[in-house]
Every structure is written in structure tokens, then in C-alpha cells.
Amino acid sequence: MSFFGFECSACRPSDPGTSTVKVNMDEISSQHEQEEAERQMKLAEESERQRLEHQRAEEELAMEQAREAERQAQIEEEGLQLLMEQMRVAEEEKQLQEALAASQTEADEAAAAAAEQERQRQDLELQV
């Protein structure tokens, strides 16, 4: 500060060039615009990164769901094949039971016929 044209040593700068501040408004404005553009660019890059990350996560989820659906379909197919095999085995067993019953019936009939023949033979022997 100066009083009546006198300045004390504390108020007087040692370098007279520093006593005034020159401001280049164009440079400050340009720097501000550049900083704002960089900030907008970083925001856009972050937004794009998040969008891609979200898209990748959705794709991974869709692929996992597709794999799970495929596994379920395979399990169902294997279950169906097992059921078909069980039905085939049951049908074969039924046919074997029927064949066994028919065979037993034939054996019983053959035994009855043989017994009848034996009885008739014995009757003939008794008549002779």
C-alpha cells in the first residue's frame, strides 16, 4: 500500500513485474473448454465402458441360460430314453411271462394227453 505516494518495504514487491497480474481470458476460456471437453470425453468413455460391460454381462447371462436350457433338455431326453427302455423291458417281460404261461399250458395239455393215452392203454390191456 502506498500513502501519499510512499510505499513501505513490506507492500512494495521486490520484482516490479509481479506487482500486476496479466490475465489472458482467451487462454483461460480455451483451457476451460478443453478441460470441459476432456471431462465430457471421459464421461462418454465411462458410459460406453459401462454399456459394453452391461451388454457383455447380458450376453453371458443369455449364454448361461441357453446352456442351462440345453442341459435340461438333455436331462429330459435321457429321462425319456430311460422311460422308453423301461417300457421295452416291461413289454419283453410281459411277452416272456405270456410265453411261459403258454408253454406251461402246452406242457400241461401234453401231460394230460399222455396221461389220457396211458389210461386208454391200460384200459385196453385190461380188456384184453
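The model is a predicted one, and every distance and accessibility given below was computed from it.

| Glu53 | Arg49 | 2.9 Å |

Side chains of opposite charge can pair when their charged atoms come close.

**Glu53 and Arg49.** Glu53 and Arg49 are four residues apart in helix α1, so about one helical turn separates them. Glu53 has a relative accessibility of 44% and therefore counts as partly exposed. Arg49, at 41% relative accessibility, is likewise classed as partly exposed. The salt bridge between Glu53 and Arg49 brings the closest N and O atoms to 2.9 Å.

**Glu116, Arg119 and Asp123.** Glu116 and Arg119 are both in helix α1, with a spacing of three residues, about one turn of the helix. For Arg119 and Asp123, also both in helix α1, the spacing is four residues, again about one turn of the helix. Glu116 is partly exposed because its relative accessibility is 31%. Arg119 falls in the partly exposed class because its relative accessible area is 40%. Asp123 has a relative accessible area of 33% and so is partly exposed.

**The nonpolar patch.** Which residues make a nonpolar surface patch of about 400 Å²? The patch is made by Leu80, Leu83, Met84 and Met87. Among them, Leu80 has its place in helix α1, which covers residues 25–127. Leu80 has a relative accessibility of 45%, so this leucine counts as partly exposed. A patch residue must have over 30% relative accessible area, and Leu80 is at 45%.

In summary, helix α1 holds the pair Glu53 and Arg49, the pair Glu116 and Arg119, and the pair Arg119 and Asp123. Leu80, one of the residues of the nonpolar patch, is in helix α1 as well.

Key
Residues numbered from 1 in each chain as written. Predicted model: local features only at pLDDT ≥ 70, side-chain atom pairs only at ≥ 80, totals over all residues. Heavy atoms only, no water. Patch = residues over 30% accessible without salt bridge, like charges linked within 9 Å, V, L, I, M, F, W, Y side chains within 5 Å. Areas by Shrake-Rupley, 256 points an atom, 1.4 Å probe, with all protein chains shown as cover. Salt bridge = Lys/Arg side-chain N within 4 Å of Asp/Glu carboxyl O. Helix = DSSP H or I, 4+ residues; strand = E, 2+ residues; numbered from the N terminus. Buried < 20%, exposed > 50% of the residue type's maximum accessible area, 1.4 Å probe, protein only.
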